[in-house]
Amino acid sequence: MQFEVWAPQADRVTLHCDGATRALERDPDRPGWWSGEADAADGSRYGFALDDGPALPDPRSRRQPDGPEGPSAVVDQGRYAWRTAWEGRPLPGAVLYELHVGTYTPEGTLDAAAQRLEHLAELGVTHVELMPLTPFPGRHGWGYEGVSPWAVHEPYGGPDALKRFVDRAHELGLGVVLDVVHNHLGPSGNHLPAYGPYFTQTHQTPWGSAVNLDAPGSDEVRAYLVDSALAWLRDYRLDGLRLDAVHALRDTRAYPFLEELSTAVEGLAAELGRPLFLIAESDLNDPRIITPRAEHGLGLHASWNDDFHHALHTALTGESQGYYADFAHAPLAALAKTLTGGYFHDGTYSGFRGRRHGRPLNRARVAGHRLLGYSQTHDQIGNRAQGDRLSASLSPGLLACAAALTLTGPFTPMLFMGEEWAAGTPWQFFTDHTDPELAAAVRQGRRREFAAHGWAEEDVPDPQDPATRDRSCLDWTEPERDPHARVLDWYRRLIALRTEQPDLTDPGLADIKVAYDEEARWLAFRRGDVRVAVNLGKERAAIPLGTRRAEVLAAWEPVEPPGADGLLYVPGESCVVLAQS
């Protein structure tokens, strides 16, 4: 079997494989690369020793059976017998479902999660978006401190478990998207600096030295990340990738890394004959990220839209701290602006940032599905002191309003696991660091952060306490009883409407019309012949809808269509979807 590794700083590289050693040779055609043959098969353990140092994991390891610090293992990707023929499922018209493997079930494994996929098929979502799967210290964590960006966290089940999960999802007609992290790697088990200039001090990020995308050696670092992305899509038959915090990628080259990545993914899609897509997490509000390359954009297919979330959250909760302050003065006006223009901050002044922020989006050219809309995400729940969901403080009626705005709005909807039944469990920040100093630093840092906002230390869950993770696991008995069952039925009905009503998947933003009353706390919008009205206030609202004949398609509380006066009367904390003809 051929082994190879990029180690431009080494004078000698030795392969350690199944107890045997072999000196690798420099590759004359690829500067910095070393290669050689050795007897190995699926499961063989190996590592590379640089200049007679200890054997280290392979930077391109496909499996870390003993965790980030242990030896790598050979993976024969051809051994798995795929059961399901799959032609792919594109992003336009999709409904995504963000899922954390470690807390979706008490078992916290891919196989256990696969056993719950029928629930998602019955719900009506089209794609599962898995939070990061790369190896990280310990058993449980969010996954954003992973290393080995080609491997699957072993406690989740390893490579074959991911293939079984994807196979089952495709069998049920569900696409699978994976959250990947290119902007940093975890501090524990990260041996990349020993191999080469994977990081650069030219730029600094919240995690320290930036991943090297533009300094000397960056060609190989870019190839490392691009090849990793293609491997996930090809070897595991994934349908798309979510790119974590692309605003933290420091890149000054004329050919941006994101453009290089989107070009490579497009080429792989053509080779495989099925659609593949990239979704950015970005707080830049820069439409160039989601503009096709032919129109001088970076060519990513979609981006998370935090402006929609922030406007919706302030309208629902009245919260005004931190970044919510920009939206809290007139939350329904902010919500109306995002529904029609995509971004709230499109060059406007942001008091939170102390500067202007964003850039206008061309509504005539940018399809609505290129922005993701959501009322809750792992970040927006888990980064709260106690990991409380909207269901901890809002009535079922207001949760129904949030669902209506998300699932009938112009953006690609995304749900966070358990949201569909108003889960009563929190989703808290938890870690399982095996390094005592790192564990203490994370614990103290978390408590300091929230102490500055008035939280008592004892009220902030200890990330290292196993009970913090356990509290965050979904309770699968909840969907069987009210009020959870009623909320679940509401989500199913709204998702079904997206299939029944073509206007709800129309990509056009320019034709959306919105009306609202900030004081009375109602908002209504029109998409083609579909009308959506939400009343966030406690009193019944009279909403002028016009005298055209209307049919109620879905209502949280019983509602009659408008009469001769054209007024729609919506009970407090309720919502309705109608079709006019």
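## Helix 10

The buried residues of helix 10 are P331, L332, A334, L335, A336, T338, L339, T340 and G341, where buried means under 20% relative accessible area, exposed over 50% and partly exposed in between, with a 1.4 Å probe and protein chains only. Helix 10 spans residues 331–341, and nine of its eleven residues are buried, which leaves the helix mostly covered. Helices (H or I, at least four residues) and strands (E, at least two) are DSSP runs, numbered from the N terminus.

The buried residues of helix 10 pack against helix 8 (306–317), helix 9 (325–328), helix 12 (396–408), strand 21 (513–517) and strand 22 (522–527); contact here means heavy atoms within 4.5 Å. Just after helix 10, G342 has a positive phi of about 85°.

## Basis of the model

This is a predicted model, in which local features need pLDDT of at least 70 and side-chain atom pairs count only at pLDDT 80 or more, while totals for chains, interfaces and linings use all residues. Residues are numbered from 1 along each chain as its sequence is written, and side-chain values use heavy atoms, with hydrogens and water left out.

## The barrel

Eight strands close into a barrel with parallel pairing, in the order 9-10-11-14-15-16-19-20. Two strands pair if DSSP finds at least two bridges between them. From one strand to the next, the twist averages 30°. Angles run from 0 to 180 degrees between N-to-C directions, and axes are lines fitted to C-alpha atoms, for helices over the stretch in contact.

Strand 11 (residues 175–180) and strand 14 (residues 240–243) run parallel and are joined by four bridges; V180 stands opposite L243 in strand 14. Helix 4 (residues 158–171) lies across strand 10 (127–130) and strand 11, at about 140° to strand 11.

## Strand 6 and its partners

Strand 6 (residues 45–50) is largely enclosed by the rest of the structure, because five of its six residues are buried. Strand 6 pairs with strand 2 (residues 13–17) in the antiparallel sense over five bridges, and C17 stands opposite Y46 of strand 6. The pairing of strand 6 with strand 8 (residues 72–73) is also antiparallel, over two bridges. In strand 8, S72 is the bridge partner of Y46.

Strand 7 (residues 55–56) pairs with strand 6 in the antiparallel sense over two bridges, with L56 of strand 7 as the bridge partner of F48. Strands 6 and 7 form a hairpin with four residues between them, and D51 in the turn has a positive phi of about 50°.

## Helices 6 and 7

Helix 6 (residues 218–235) and helix 7 (residues 257–272) pack at an angle of about 35°, their axes 10 Å apart. The contact involves R222, L225, V226, A229, L230, L233 and R234 of helix 6 and F257, E260, L261, A264, V265, L268 and L272 of helix 7. By class, the contact of helix 6 with helix 7 has eleven nonpolar, no polar and three charged residues; Ala, Val, Leu, Ile, Met, Phe, Trp, Tyr, Cys and Pro count as nonpolar, Asp, Glu, Lys and Arg as charged, and the others, Gly among them, as polar.

## H378

H378 lies in helix 11 (residues 378–382). H378 is buried, with a relative accessible area of 1%. Leaving aside neighbours within four places in sequence, H378 is in contact with E98, M131, W142, Y144, R242, W304, N383, F416 and W427.

The side chains of H378 and E98 are joined by a polar contact of 2.5 Å. A polar contact is a pair of N or O atoms within 3.5 Å; within protein, one must be able to donate a hydrogen and the other to accept it, and residues adjacent in sequence count only if both atoms are side-chain atoms.
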